[in-house]
Amino acid sequence: MKHLRLAPVLFTLLFSIFATAQETHDVELLISPVEGRPIPEFYFQPTGLFIEPGSTVRFIAETPHHTATAYHAQHVKAQRVPEGTEPFSGPIIPIGETWEYTFETPGVYDLWCGPHEQYGMAMRLVVGEASGPGAEPVTDFSPEGALATAGTVLNDAALEPENIISHGQVMWEELADESKALMSPEDVEAGE
Ligand SMILES: [Cu+2]
C-alpha cells in the first residue's frame, strides 16, 4: 500500500521534469511604426530569451516577410552560435504562420532576420549557459558580421547573456534607443 501512495507523487515529479525540458517558447516577429521616422522598427519579441537545452522556439510571423537565421560561418557571417551546430534558417514565414526549431546544444545563439538585419532585427537565445562565440561582444558590423544596427542591438547591455539568464527574457522595449538607432556599418565603426 505504501508504494501505491507514492505513485502519484512520482508521476507529478516526472511529469514536471519532462515538461520543463520539452517546453515550447513563442517569439513574435514584429514591425512597429516609429513616430517621426520614415522606417519602422523590425524586431523579435522577446529580443532575449533563456531556454533549457532541448526546448523548442516557435517563431510567429505577426507581420510579413521575416526569417530566423543563425549567425553561422556557413552563412558567410561571424559565427555567433555554438561551434558544431548546423547552419539553420527558417524560410520567409508567411504572415500568420509559424516556424519552429529545437535547440539541443548549450550556449548563446544569435539570430537575424534575412530581409531586416540592417534595420536591427536580431535576437539572442541563451540555451542553458552563457558560452560559445555568441557570448562575446559583436566587433564586426560589416555585412559579414552582425550588420550595423543588428550589431548594436546585440551589444545592448540588456542582451548580455547573464542578464538574459537572470531575467528569463528581455523585451525589445528594455533596449536603449541608441542601440536601435538606424546606423550604417561606417557609423558604428566610427563610434557614432
Ligand atoms: Cu524581419
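Strand β7 (residues 107-112) and strand β8 (residues 122-127) run antiparallel and are joined by six bridges. Two strands count as paired here if DSSP finds at least two bridges between them. Helices (H or I, at least four residues) and strands (E, at least two) are DSSP runs, numbered from the N terminus. Along this pairing, Val 108 has Val 126 in β8 as its bridge partner. Keep in mind that this is a predicted model, where local features need pLDDT of at least 70, side-chain atom pairs count only at pLDDT 80 or more, and totals for chains, interfaces and linings use all residues. Residues are numbered from 1 along each chain as its sequence is written.

Now step over to β3. β3 pairs with β8 in the parallel sense, over four bridges, and Phe 50 stands opposite Val 126 in β8. With β9, β3 pairs in the antiparallel sense over two bridges; there, Gly 48 has Val 170 as its bridge partner.

Put together, five strands make an open sheet of mixed pairing, in the order β5-β7-β8-β3-β9. β5 (69-70) and β9 (169-170) are at the edges with a single partner strand each, so one side of each has no neighbour in the sheet.

What about the faces? In a regular strand the side chains alternate between the two faces of the sheet. Both faces of β3 are covered, with Gly 48 and Phe 50 buried on one side and Leu 49 and Ile 51 buried on the other. Buried means that 20 or more other C-beta atoms lie within 10 Å of the residue's own, exposed means 12 or fewer, and partly exposed is in between; the C-beta atoms are placed from the backbone.

The largest nonpolar core has 46 residues, and among those touching the most other members are Tyr 109, Leu 125 and Met 121. Such a core is a set of buried Ala, Val, Leu, Ile, Met, Phe, Trp, Tyr and Cys residues joined through C-beta atoms within 7 Å. β8 gives the most to this core, five residues. Setting aside neighbours within four places in sequence, Met 121 is in contact with residues including Phe 42, Trp 112 and Ala 150. Contact means that C-beta atoms, placed from the backbone, lie within 7 Å.

Finally, look at Val 153, found in helix α2. Val 153 counts as buried because it has 29 C-beta neighbours inside 10 Å. Not counting residues up to four places away in sequence, Val 153 touches Gly 120, Ala 122, Leu 175, Ser 179 and Lys 180. Val 153 and Leu 175 are 22 residues apart in sequence, yet 7.5 Å apart in space, C-alpha to C-alpha.

Conventions: Two residues are in contact if their C-beta atoms, placed from the backbone, lie within 7 Å.
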